[in-house]
Structures are given as C-alpha cells and as structure tokens.
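I opened the model today and kept short notes on what I looked up.

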Amino acid sequence: MTAPNGNPRTGSVALSENPLIYGHIGRDPGAVQQVTDVVGDSGDGILELSSDDLDDIDEFDYENGQTWMYQIAQCARENDWDDAHVVGELPAPHHKRIEDLRASDIGSLVSVECRVTDCTEQFAIVGEAVFRCEDCGEEYERVQSTDSMELNKPNKCECGAGKRSLDLKRRRSEMVDTQQLIAQDLHTASSTPDPSEVRGNVHNLLVNSVEPGETVTLTAIVHATETQDIRKAMKSDLYLQVVGAQHHDEDFAGVEISDEEEEKIREIATSDDVYQRLEASIAPSLSGDYSLARRALGFQLFGAVSHGSDHEKHREQIHIALVGDPGSGKSMMGRYVEQIAPTGVYQSADNVTEVGLTAAVSREDRFDSSEWTLSGGTLVRADGGLAVIDELDKAPEAIQSSLQEPLSEQQVSISKGPISATLPARCSSLLIANPEGERFSVARPIADQINIRPAIWDRMDVIIPFADRPDEERDEEMADAILDRASGETPDHIEPDLIRKWVAYARENVDPQITEEAREFIKEEWVSLRGLSEGSRVSVGARQLDSIIRLSEASARIRLSETVEQEDAERAADMMSRWMSLLMTDTNGEWSVDSIGGRDASQMDIEDAMWTAISDLGDGEGAPRSDVVAAIIDGSGVERAEAQQAINKFVGRGELKQENGALVSGGA
C-alpha cells in the first residue's frame, strides 16, 4: 500500500501540502475517515492504493473519481504522506482502451494500458493563485482548474477596479510541478491500424516517472478541456489527469521471478526433453508439423551473447524469417512470441510508413505549442526485445530500404530539421512474408516468389519455409488436434508467463562461453557447409558462421548452461543445414546463394563494407563519400571504380542519399 520515497523536489507542492490539483471540492470528514480506516493514520513516503484498497473504502465510487481523489489527498496530507497514487489495473468496466473513452467518463477514475509516445519537459502551473489589485492593494486567492489553460481570476476588485488591475503574484501563489504526455493504445489492443491517442497531465511526484517508449498502465481521472471563449466552447477535448502509473516489465532485469518460479525454471531447463517441451509451448494451439519453426523461434527468444565493444559492433540478436503460403500459421506464431518477449512489438508492413518502422522527425501541435518532435518507430520501440514485422512482401521499396541499417547495425539514423540523432534498435527481428499470387515452392528461388530485397535475406540467421500441402497422415493428426481443442482439451505446454520469465532469467544471468570441443565442431561444420556451395561461387560465408555461433549460444542458454557444449553446436548446425537444404539447393543439388537473393560473396563484401563505413564514419550530416569509397576498397579489395559503382547503385535506388558530398541512409 505504501512505497518509499526520497526527499520531495525543491519547489514542488506535494499532496501532503496541497491537494489543489483535484479542484476546490472541500473536505468531507466522513469520506476522509473512510480512507483513513483503510490506509491508517501514520504515513511515510508515497501512499499507493490498489483497486482492492479502493473497494475496501465503504462508499468509494469510481464514477466520482475526482471527488474521491480529493478526499484521498486530504487523508494523505493529514497523515504525513508525501503523495497519493492509485496504481494498477482497475476492475471492469473501469479499465478501458483509449479509443473507448467517452464524454460520460468525465470525472470518473479509469485505467488504460498504453504506450507513452511523447513527453514534455517539466514545468510549473498555478495551483492556487494570489491576485493583487494595483489600485488599492487588496488581495484575492483563487483555486485554478487543471481543465483550463486560462487563469481563474476575479472579474473586478471591491474598490471598483477592473479585471486588468488584478495582477498575478506568482511568488506568493502555490505552484505545482507538471508534465504532459501522449498516451497511445497498444497496437495489439487497438481495433484500427492507427491506435487512438490522448493527452495526459501528471503532477507532483509523478513528474518524470514515465518516459517515451514505455508501456504502462495509467490510472487517471477523465477530464474535458474548458475555455472561457464562447466561440470555442462547443468543442472540448478529453484528456487524462494521471494519478498513478504501473510500469510493465519491459526489460529482462525488471521481470520479477519468485523462488518457486526459479526452481520450476531450473527443473524445466535441466530436463532431458527441454527442447521438445519448449517447441510444444510455442503457439501450442497451432496444429501441424512446425518443429523447425518452433525451435528456431525458441532460440530467438533466448538470444546469443554480446561479444561487441565500444569500438566494434557485434550483433547478438537472432533474425528469423517465416515465408510461405498464406494461412499456414506464420502470423499466429509471430503474435505468440511477440507476447512472450518482455519488449515485443508487432507491426504489419502493409499499413505503415518507413518512418513508422524506424523513426520520424515532425513538427506537431502535440501539446500547447508547435515543436519539432522525434519519435521512434517499431524497431526503436522494440529495442532490447523482439520486433515482429508481418506482411513484409506488401511493403513498398522505401520500407524495405529502411530496414537495412537496423537489421545490420542495430540502430536507426535520422536527420531532419534541427534534429540529427542515432537511435538504438537492438532487437531481434521476425519477418513474415507470403509469395506473390500462388503457392510457395521450395524448389523455386525465394527471390522469384517474394519481392523482398536480397540485402534483407542476407541478414537472416534462419529462414523457415511454410508450405500447406495435402498429407494424409499429417492431416489426420492436425484434425485430431483441432477437434481435441474444440472439445476443451489443451495440449501439455509451458505457460507463456513462465516461458517469459525463463527467457528473462537466462538472458540476465547466463552468458555461456564456447568450449574447445564446440569451437572445433563449429569450425569443421562451417567448412563443410562451404564445401556444399556451387563450384566457383562461395555462398556460405562468415555470416553463416556467425549464425551458427549465435544459435549455439541460444541453445546453451535454454539449458541455463554456463558453457556452449558440442551438443549445442550440433543443434545449431542441424538447424542451419535443415533450412539451407530446403531453400538454397539448386537444380543440380548444390547450394547456391542465387536461390535466396541472387548475389555472390564479393557483392556482399562490398555492400557490407559500404554500410559499415556509412555507420562508423557518419555524423549528423552523413559520411563523406570519399571516405566511404576508401573504406570499401580497404574492406573488400575492389578497385575504386567498382566501389563508386556500388554507391551509385544504392543512390539510384533511393537507399542512399547524397548531399554536399556526404552519404546518408535513404531511410533517414
């Protein structure tokens, strides 16, 4: 019920001193006593009330939330609490989506699960104003409304002086720390592709308690803006006066795991059938043979170990693509793992712009003035977690181009107006795509069936094909599973919340090191895979070696092992060889990169060197073209003319922009 708190900020007016943010309602002794009976009469720190606490207050009424918050504030003031918050999800029907807020909710207490997309800096508003008459010196006190941006001041002084003679004395008025934010419905809960937004005001010790990008449950009083201008009085906008914020566990360190849950996790992780149990728990209601996809997605959740440094980047995130027939279960799997990841963001590429995936700089009237704002897209919001991008085959060229930098460099660079920034996008990516107009065939090159840039395929660690083909034995098993589910039977599986905590525990506490036996196996396996490449062309390169290492480390993490053993490397190599044999085998039975994207290793080396140079050498104004050319020559050993041609190709496509001799990503 209570939370510890440090010393209040200098200049702030905490509720223990002034509850004026709830208006001039007046103390109700009976209501204050009802609150005291529940919370006690000896306070310290912040008074936090849950919905259970509110229900214990005899006459508490959610629809009169503003009145009751005033009485709770009075109780807090009288019993030495520093602030009073209501935290957590409220019972139905008071827990709502933003899109469902209505005029009938004005004055009531509600909770909304949302993502905070923007915040102002902290500022002060007048809680109780002191006005002094310039003619006679008489002073007046007026409580101010949080619903209005205009001062509530007397119409005239008793001496007869008009309104203009009454001067606000700010230093004698009571000021309240305030911040405004924009809250947006979660994409997974919204009924439309463009989730609804609402402005929120936070006061006192809630200021700076939430940041843009966070997913929170806000408890708030619904208000409507007021105006003293009769010409504008016909229109009022709803906004929220936030009285509490419950932070969701979006990073692995924030996931709380009990001793009992840790014991259960260790029991599962050390069992002989741990991988089979994990596979069976990824989208368990989906019937069919999806073992390869389920295992790959499980590995993706657990992730690899960071080997990077301040001077050298190294991707630890595992990227996966699911490709194949519509209706074959790809999107269901994507939705399932997005819900498990502590920071999971789902986005359909057919209804988003390139800046919606990366980042946007815009000049907007979001608060009470027009300002340049920087907002992160899907890949930025998923930083540290998982981004699921569905319907990628329907994405235009500009969107596909914008994926290049975040998939490779794990960041998004943007420069527009007065803002130049590089935002982190250190997330695993799950890309989902369908073939164009017909059934997917593993016998034909992906590039001939799905219109996606080769550079995107190159960044995938695993590509899983989905094909819906008649098979009597498999179809009978699928029918039995569906009928069992219709009868109320559910397959044995690990609950999503426990998987989530298992993933969080492993990623926070386990960084397995590769043993010498595993190292030798990985080296031999990679050399063997390269030997399967088409005669004169090398199609299995260093990227595939990195993929095997990442998958091996994920395998060890699943077992909570401190070392990557040969068995982990074998699982990783098996996964690689299975998907590559399905999708990279040409008509001669040899492995060819043409089956994926149509580029040979030398082209990949040139492009890798180019993108790395642009990332490393770039600043807010871009990377000098001459320096990028030199870096390509050094990194790939090609002639200057070939390096220039490579740059020109990407400039011509719009994937690069050249301004004043500098190169910047076209997605910026």
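I note that the model is predicted, so local features need pLDDT of at least 70 and side-chain atom pairs pLDDT 80 or more, while totals for chains, interfaces and linings use all residues. Residues are numbered from 1 along each chain as its sequence is written, and side-chain values use heavy atoms, without hydrogens and water.

**Helix 3.** I looked up residues 65-78, which form helix 3 (helices are DSSP runs of H or I with at least four residues, strands runs of E with at least two, numbered from the N terminus). Its 14 residues reach 20 Å from first C-alpha to last, close to the 20 Å expected at 1.5 Å a residue (1.5 Å times one less than the number of residues). I found 10 of the 14 residues buried (under 20% relative accessible area, with a 1.4 Å probe and protein chains only). Among them are Trp 68, Met 69 and Tyr 70. Asp 80 follows helix 3 and has a positive phi, near 70 degrees.

**Helices 6 and 15.** I read an angle of about 50 degrees between helix 6 (residues 291-302) and helix 15 (residues 496-509), with their axes 9 Å apart (axes are lines fitted to C-alpha atoms over the stretch in contact, and angles run from 0 to 180 degrees between N-to-C directions). Gln 300, Leu 301 and Phe 302 of helix 6 make the contact with Trp 502, Val 503, Ala 506 and Arg 507 of helix 15 (contact means heavy atoms within 4.5 Å).

**Asp 393.** I located Asp 393 in the loop between strand 17 (386-390) and helix 10 (397-402). Asp 393 is buried, at 14% relative accessible area. Its side chain reaches the backbone nitrogen of Asn 434 at 3.0 Å.

Conventions:
Buried means under 20% relative accessible area, exposed over 50%, partly exposed in between (1.4 Å probe, protein chains only). A polar contact is a pair of N or O atoms within 3.5 Å; within protein, one must be able to donate a hydrogen and the other to accept it, and residues adjacent in sequence count only if both atoms are side-chain atoms.
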